[in-house]
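Visitor: I would like to learn how to read salt bridges in a protein model. Could you take me through the idea slowly, with cases to look at?

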Amino acid sequence: AGEYYNALLEMKKDFGFTDFVRLSELSRFPEVLSLEEQTIDEDALFKKLTAVIRDALMALRTTRGHEGERLKEDLLDKLSHMSEYVEDIESHAPEIVSAYRERITEKVRLLLEGSDIDESRIAMETAIMADKLAVDEEIVRLRSHISAMQKTLSDGGCIGRKLDFLAQEMNREANTILSKSGDLITTDNAIELKTDIEKIREQIQNLE
């Protein structure tokens, strides 16, 4: 092929041709390409391939294990932060009711202009609003889901679907808390909860 190529270049130069020497044309010259049957020791080839594939699979398994551990640590860290948000929401809940009672008492006082205030009516209104703003059940369920996810991560195995289900349930509770939110602190905590839950759901897609 090299000799043919060099000869063609000389001809091109001698005759002033501008054509390019193409590979497809070069391959048509005699003896440039030749076909011959190859005998392969399939058993020996299989042994070599088996060893290489086994090493590759072991390396893949080790890499996946390391990545899984890193994901586990990150997920546990996010769950820990979520627990703090839940604690903050719960501890702040009584303040919301108290603030509402103060607001409604002040409004009634302004309306009555110094007349006696019906404390029983204010207590009733406060109780009604406290019931509407109550997030006790959502907090209990959130804690349960967080605990279940922590345990699942510690147990290991094929846990992707279970974690995804738990994340969906946690997101539902966070949405409910956000819809009931009566102040900025609860709203901020609920948003932080939803943000971490979404990050967890994204990372869970990388787990088996």
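Guide: Let us begin with helices, which, like strands, are DSSP runs numbered from the N terminus, with at least four residues (H or I) for a helix and at least two (E) for a strand. This is a predicted model, in which local features need pLDDT of at least 70 and side-chain atom pairs count only at pLDDT 80 or more, while totals for chains, interfaces and linings use all residues. Residues are numbered from 1 along each chain as its sequence is written, and side-chain values use heavy atoms, with hydrogens and water left out.

Visitor: What is a salt bridge, and how many does a search of the whole structure find?

Guide: Side chains of opposite charge can pair when their charged atoms come close. The term means that a side-chain nitrogen of Lys or Arg lies within 4 Å of a carboxyl oxygen of Asp or Glu, and the search finds eight of them. One of these joins Lys78 and Asp74, at 2.8 Å from N to O; both residues lie in helix H3 (residues 42-112), four residues apart, about one turn of the helix.

Visitor: Is Lys78 buried or exposed?

Guide: Buried means under 20% relative accessible area, exposed over 50%, and partly exposed in between (1.4 Å probe, protein chains only). Lys78 counts as buried because its relative accessibility is 13%, whereas Asp74, at 25%, is partly exposed.

Visitor: Which residue forms a salt bridge with Arg143?

Guide: Arg143 pairs with Glu90, their closest N and O atoms being 2.4 Å apart. Arg143 lies in helix H5 (residues 136-155) and Glu90 in helix H3, so the pair ties together parts that are 53 residues apart in sequence.
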